[in-house]
Amino acid sequence: MALFFHFGPNTFTDSEWGTGLAEPSVFNPTRLNTTQWVQVAKDAGFNRVILTAKHHDGFCLWSSEYTDYSVKSSSWRNGTGDVVKELALSAKEAGVDLGLYLSPWDRHEVSYGKTLECNEFYMGQMTELLTRYGEIKEVWLDGAKGEGEKDMEYFFDTWFSLIHQLQPGAVIFSDAGPDTRWIGDEAGVAGSTCWSLFNRSTAKIGGTDPLSVITISNMRFLSTSRPSNRYSQGGDPSGHDWVPAECDVSIRPGWFWHASEIPKSAMRLLDIYYNSVGRNCLLLLNVPPNSSGLLSAEDTQVLQEFAELRKLIFSNNLAKNGLFSASSTRGGTNDSRFKPFNVLEEGIYTYWAPEENQSDWELHLDLQESLSFNVLRVQEPIHMGQRIIEFHLEIKEDGDWKKVINGTTVGYQRFLQFPTVESQHLKFVIDKTRADPFISFLGIHMDKFSSVDNKFDNSSQLHFNSSVVLQQARWNHFLNSSELLQQTTQNHAQSAAM
Ligand code: FUL
């Protein structure tokens, strides 16, 4: 998971897509503290941060030699400041990865629209960013631009070669990869079938966004959502390229900070987590720094609660004392390399493998006592590809096997929620696979917070896909903040006592 920081003149002018005409002097974050940004990320369990080094307005958060439209023309630190540098230092000190977003669409730059000139300008700025600030782990770019904007060609392949040449370890994000792809929506929701396999040639980077105006909390701004893309959401089991998806979503309605907006609740973030991280994706959560240059207290509070929820649910694997057996084990039951018990070890490098050429693939689990649970967590050792197409979970109830939930695709990590069940015996069955299936992790968990039982009842299902406000109201109904805080405090007290 990574935190996204949208920051720049828009933060001070209450806008989303800046026109590129805002005076540089508007940029004046008097208390800017990138160490706080990184610490918040780290404390909430995010190990990467990505900054909008330049958004569509063209204002550079570093001092670029290719334009004066940057921090050097602002009054912030008398024009000597460099946000990218400060963030790079804070991230390095904290051991958190750094990524940078350099928008190709530049509404300030006069060469925008002149293909050769503008591509050179973009590559010049990219070179500055990738040679001045140490190791960059991700480069983020998109093809977004407003309707009626000047036409020009972006030399994507040349850019990608330059990036890989200057930063061989950097992952490049765009609508079509090459290394990680946009999931196709800005809600943080992946397809319930989600392959890392993909055909890059089938996807297109960008297009023209409709400049629709939406009203939230009496504030009007441009909708930044792009048309949804089902191909990106699901990936492609026959795809030739390995391009895992990244789900970008903002903690607030807008990408930039606006005084009038409030963050989503921790319960909403948990739901997003199930639908992104729990569906084989990276989650890129935007938490916009405010006009003081800090992450706002209400956002950091929600992030802490979100981290606490994940800990309460996922730190206790109910399968940990279980006895595992399998339909078959490669090398026989005495071969410890592929034994079913390996699925209890965290990570992807130890795994259960069945004998070759089987048609049944089952993992049996005896919990040694009857337990209640409502979440399944599965991982595949993806260094050997993504293989599983369909699977299901069964429990033994009154002597009979009963199906609890069906799923499609696992990949790096898959979470499945279902109404709470109680049993001592479970069977994880792989129904369809592209090649011999392997399982590297299997967890059984109890989520007491999502009220998933209500999620599965028809009346509440009606509301489930509705607006943030409705969802928030719904979550608040099940768990209000003070209840969660109480739980959090109790938990801290318990760990302190241990
Ligand atoms: C989009 C942009 O238009 C938005 O402003 C935002 O930066 C989002 C993450 O990507 O393409």
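**Exercise 1.** In this predicted model, classify how helix α7 (residues 266–275) and helix α8 (residues 297–314) are oriented, starting from their axes.

*Solution.* 
1. Take the geometry. The axes of α7 and α8 come within 8 Å and cross at roughly 55 degrees.
2. Apply the cut-offs. Under 35 degrees counts as roughly parallel, and 65 to 115 as roughly perpendicular.
3. The crossing of α7 past α8 is right-handed.

**Exercise 2.** Which residues of α7 and α8 make the contact, and how do they divide by class?

*Solution.* 
1. List the α7 side: Ala266, Met267, Leu269, Leu270, Tyr273 and Tyr274.
2. List the α8 side: Val302, Leu303, Glu305, Phe306, Leu309, Arg310, Ile313 and Phe314.
3. Sort them. The contact has 12 nonpolar residues, 2 charged and no polar.

**Exercise 3.** Classify the orientation of helix α4 (residues 115–132) and helix α5 (residues 156–166), then describe their contact.

*Solution.* 
1. Take the geometry. α4 and α5 pack at about 15 degrees, with axes 10 Å apart.
2. Apply the cut-off. Angles under 35 degrees count as roughly parallel, so α4 is roughly parallel to α5.
3. α4 passes α5 in a right-handed crossing.
4. List the contact. α4 supplies Asn119, Tyr122, Met123, Met126, Thr127, Leu130 and Thr131. α5 supplies Thr158, Trp159, Leu162, Ile163 and Leu166.
5. Sort by class. There are 8 nonpolar residues, 4 polar and no charged.

Technical notes
Residues numbered from 1 in each chain as written. Predicted model: local features only at pLDDT ≥ 70, side-chain atom pairs only at ≥ 80, totals over all residues. Heavy atoms only, no water. Axes fitted to C-alpha atoms, helices over the stretch in contact; angles between N-to-C directions. Helix = DSSP H or I, 4+ residues; strand = E, 2+ residues; numbered from the N terminus. Parallel < 35°, antiparallel > 145°, perpendicular 65-115°, else oblique. Left-handed = near helix turned anticlockwise from the far one by under 90°. Contact = heavy atoms within 4.5 Å. Nonpolar A, V, L, I, M, F, W, Y, C, P; charged D, E, K, R; others polar.
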